[in-house]
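User: I have a model open and would like to learn how to read it. Can you take me through it feature by feature?
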Amino acid sequence: MSNRWIAGVVGTSALVAVVGLAAEPAVTVTSGPLRFEERLLMKGFTYSFGVAAGDIDGDGDLDLTAADALPNNSLYLFTNDGNRGFQRSLIQKNDPQRLERHQLGDIDGDGRLDLVIVKNLFGDVLWFRNDGSPKASLWKRHVIVSKKLKGAYDVALADFDGDGDLDVAASSWRLSNNYVWFENDGSPADGEWTMRIIDENVAETRMIRQADIDGDKDLDLVCTARRAPLVAWYENTGNPRAGWKKHVIDDKTVQPIHGMPVDMDRDGDIDVVLACGMTFSGSPASEQVVWYENADGGRNWKRHTVARSFHGAFEAIAVDLDGDKDMDVVATSWDLAGSVTWFENTGDPKSGWKRHAIKTKWARANQLISGDFDGDGRPDLAAGAERGSNEVRWWRNAGPVNSPR
């Protein structure tokens, strides 16, 4: 693939490209009843393990971000040009070790999307301020916590304490085995934030996501721990400083990894879709995509299987890909023959799912997100793949096979 960069980083300028990044032509993929156009966002990562989407430059379309760990040690912004292309610039460079999963949110209350990210091995949680000119220079770096959350792995953003600003929750992988939250006191740029333990000594904490599970209008947390194994939600009782109440969703299914809280059955409450397996289970048949039905305000849950023997199941998201008003599921496979696959909801999410491949032979596919990146009203997909692939790609949802493009 030819490289069409015009300029590298000079001084504090963050701009590294002034043309679209799609030097590799789009490839049309037929996947069941849908067509997708696969587009390369960027290759040459040393360790791609974190993507996010949001309108970062305030022009009305969705931009993308991606993290790159050692030795590149960079955090990239891909600005949407409005014509199915993206321009790359730098949010951060030369930040050693593992910049990984991250979320976008307005941390300082200025109306612009900032970025909160974990730094895995060092145990840092950082935020980078969007000053309104996100492509002009590197973003200002702020520390939420430094070297106090070893293995910092995943983050969630929400106003947990109800004071009007965004707080941060995080998991900490196998190096700390904790879930924690950090209180934003209204002055997020003034030094480290107060860290409070939600739960500790939970073997290999992974996913952490915010959602109102019990319908009481405050935001709870949905979490997984791979080695425990554990799928649980932590109830925000209205005073998170005083502690969170733990509710077990599932402690039997092997290797729960990543998913999302979402109303799968359209009954008005929040369920959970999840990928379980990651190739470490020792039993490929047990590597699955599942969803948990919230049957009683989060007190009782019923497990439903979307797919069995989905080897390397890593992350699952729910989105109405085919526009039929029900939730389909998309999942990544993290094994050496990795993949991106969607599971068509045929009308009853408790049974009858149809499997359709989107991308195959894509080693170590990991984080997966959805958004309307081209503004045509259909949800698209983006995902990263680490060692063996070392790239981020996105898939334009071109609609039904028999529809005009």
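Analyst: Start with a definition: strands are DSSP runs of E, at least two residues long, numbered from the N terminus. This is a predicted model. Asn402 sits in the segment after strand S29 (391–400).

User: Is Asn402 buried or exposed?
Analyst: Exposed means over 50% relative accessible area. Asn402 has 72%, so it counts as exposed.

User: How many helices and strands does the chain have?
Analyst: There are 29 strands and one helix.

User: What share of contacts joins residues at least 24 apart?
Analyst: Count contacts between residues at least 6 apart in sequence. Of these, 48% join residues at least 24 apart.

User: How many charged side chains are there, positive and negative?
Analyst: The chain carries 46 positive and 62 negative side chains. The centres of the two sets lie 7 Å apart.

User: What is the mean pLDDT?
Analyst: The mean is 93, and 94% of the residues reach 70 or more. Over residues 1–13, however, pLDDT is below 50. That stretch still has 30 contacts in the model beyond near neighbours in sequence. Residues 15–20 also stay under 50, with 25 contacts beyond four places in sequence. Where pLDDT is low, the predicted coordinates should not be read in detail.

User: Now a residue inside a strand. Where does Asn366 lie, and what does it touch?
Analyst: Asn366 belongs to strand S27 (residues 365–371). With a relative accessible area of 1%, Asn366 is buried. Leaving out residues up to four places away in sequence, its contacts include Ser48, Phe49, Phe314, Thr332 and Trp334. Gly384, Ala385 and Glu386 are also among them.

User: Which peptide bonds are cis?
Analyst: Begin with the general idea. Most residues other than glycine have a negative phi, and most peptide bonds are trans. Here, a cis bond joins Leu70 and Pro71, with omega about 5°. Pro71 is in the loop between strand S4 (63–68) and strand S5 (74–80). Another cis bond joins Ala228 and Pro229, with omega about -15°. Pro229 lies in the loop between strand S16 (220–225) and strand S17 (230–236).

User: And which residues other than glycine have a positive phi?
Analyst: Glu204 is one, with phi near 60°. Lys325 is another, at about 75°. Glu204 is in the loop between strand S14 (194–199) and strand S15 (205–211). Lys325 is in the loop between strand S23 (313–319) and strand S24 (328–333).

Technical notes: Residues are numbered from 1 along each chain as its sequence is written. This is a predicted model: local features need pLDDT of at least 70, side-chain atom pairs count only at pLDDT 80 or more; totals for chains, interfaces and linings use all residues. Side-chain values use heavy atoms; hydrogens and water are left out. Helices (H or I, at least four residues) and strands (E, at least two) are DSSP runs, numbered from the N terminus. Contact means heavy atoms within 4.5 Å. Lys and Arg count as positive and Asp and Glu as negative; His and the chain ends are not counted. The place of a charge is taken as NZ of Lys, CZ of Arg, CG of Asp or CD of Glu. pLDDT is the predictor's confidence in each residue, from 0 to 100. Buried means under 20% relative accessible area, exposed over 50%, partly exposed in between (1.4 Å probe, protein chains only).
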